[in-house]
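Please look over the sequence and the model shown here before reading the report.

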Amino acid sequence: MHEEGIWLTGLGQTLTGGMLSSAMDAIRQGEELPFSLTKVVFFVGWFCLCLYSVKRSDDSPLVTDQYRYFSNLGALIVGPLALFVLFVAEVVKQIYHGDMTLLEVPKYTLDAVMSQPVRVKARVSAKVPEIELLDTAGRRFADVYSRQNQDRGETQQVARYTEQMVLTAIQGRASDILIDPQGDSTYSIRFRIDGFLRQHELLDAKRCNAVINSLKAISGMDIAEKRRPQDGAFMAQLPNGQVYFRMASSGVIGGEKLAVRVLDQTRGVMTLPEIGFTPDQVKTLTGIIEQPQGMVLICGPTGSGKTTTLYAMLNKINFGERNVVSIEDPIEHAFSGISQIEVNTKAGVTFAASLRSILRQDPDVICIGEIRDAETAGIAIQAAQTGHLVMATLHASSNMAAIVRLMDLSIRPLLLASALNIIISQRLIRQLCEHCKGPAELSQSQLEYCAQNSLDATQILQARGCGSCGGTGYYGRTAIMDIMYMNDHIRTVLCNNTLTPGDLKQKGDKQFHTTLRLMGMKKVITGLTTLSEVKRVVSSLE
């Protein structure tokens, strides 16, 4: 743009200088001028405006590539009139879609005049779903970020890249977006898909810092603060619904790290069979959920699908007949018909404080996102004994380890025996991609194992990799679980204290490991997963 301006200035000086020289000669000779200086200046100015109009028309996102040649030709002929038509069309479009009000038109006009043209390098195809990032108050991403950055052209480029990155993560079924510095000059952007991180792109530090600042701005975080940990949230509007994001930042060596959790509301709540429960297990769980009191406990490490299972069980309840209240951190899916409370430690809204207030609201079912401390555990156990159905999650390696963990939180074994109805420990394993899975090439030891356990080796498949699964051979995940129903024998053991906590945990881990292996082998035989995937999950418990 700067070089074009120099060329136009030189051209104007050449034309004007030559015409002025001819005019001075004519005046000295006493001849009458065939033209006026006003017409010459107007002609030169009009010519420059026509060239500028062509540049603006070529950069306009309102003109598709198919008609760009005719648009540039028209701009060359009619000049500024083409700019006026394109500007009016853009203003009308934004007012029609509600992106601009009449009071904002003067400011938009000034910005359009003062800003430099921004070349649209890649125009998104009409087949790609549109995405619009919003803050928690519903303000548009471009409006929020433009307040932090005065360069309109840079703002548009950063906003376009950030929106496309978020859209790619959503379409790729990513559960997290991680942005990490890899040194002084490079940042890595990775997506967590099916529990594994995949490299998305490497960016230079300057460009990635702009992306980080844009995400912090839309999340309501302080852009100037790069060392202190911060939390924020934003959302994305898609044609089929909204997707929510929880973001956390922290200063690390080499720069700033961002972790974005994707809470996709558009996927809906999975059912128990979709998670991996058998028909008999679903029938039993449904009967337990229909009971008026007791505790349903789901345990496992982070990322084992505890909340997904909790939501699937919650969705089996008739919200019209029972008063359901939940406490979550964060709320990953919004249900209509129940009261959901989000934990906010800074505001004093904790699990224990919310649970105490819930008991005064006549609840039938209480859902606790996670039991973290002794106070929450004690109130939950008491609620399960006093006529409430309590569903909760707990970080523990096995069913018996969950009992040991509750005992460590000062819950007496006698109370556990009377309050607990069922404990579910689960893990997630990846499912084979339907497009590329094929017969497995088994080793001699694996063939002997199949023969000893009466398994049909021809039914065992293996991962290959294709474009649909990103070359991994796996697409999606399913659960394998160990379910412990609190029968009279287990209650007697707990009441009599015949086992120490160490014995309970050791016995439970051994049983849990065996059950997981059997559950995993059933899914291998049915062609859902592979031997290596089951070994990866089960061997981590050995």
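The report below turns to one aspartate, then to salt bridges and nonpolar cores.

This is a predicted model, in which local features need pLDDT of at least 70 and side-chain atom pairs count only at pLDDT 80 or more, while totals for chains, interfaces and linings use all residues. Residues are numbered from 1 along each chain as its sequence is written, and side-chain values use heavy atoms, with hydrogens and water left out.

Asp135 lies in strand S1 (residues 132-135), strands being DSSP runs of E with at least two residues, numbered from the N terminus. With 4% relative accessibility, Asp135 counts as buried, a class that means under 20% relative accessible area, whereas exposed means over 50% and partly exposed in between (1.4 Å probe, protein chains only). The side chain of Asp135 reaches the backbone nitrogen of Gly138 at 2.9 Å, and a polar atom of this side chain lies 2.6 Å from the backbone nitrogen of Arg139.

The count of salt bridges comes to 16, each being a side-chain nitrogen of Lys or Arg within 4 Å of a carboxyl oxygen of Asp or Glu. Three of them are tabulated here.

| Pair | N to O distance |
|---|---|
| Glu132 and Arg140 | 2.9 Å |
| Lys216 and Glu256 | 2.8 Å |
| Glu370 and Arg372 | 3.2 Å |

Both Lys216 and Glu256 are buried, whereas Glu132, at 28% relative accessibility, counts as partly exposed.

The largest nonpolar core has 43 residues, and Phe277 and Ile424 are among those with the most contacts inside it; such a core is a set of buried Ala, Val, Leu, Ile, Met, Phe, Trp, Tyr and Cys residues joined through side-chain atoms within 4.5 Å.

Technical notes. Helix = DSSP H or I, 4+ residues; strand = E, 2+ residues; numbered from the N terminus. Polar contact = N/O pair within 3.5 Å; in protein donor to acceptor, adjacent residues only side chain to side chain.
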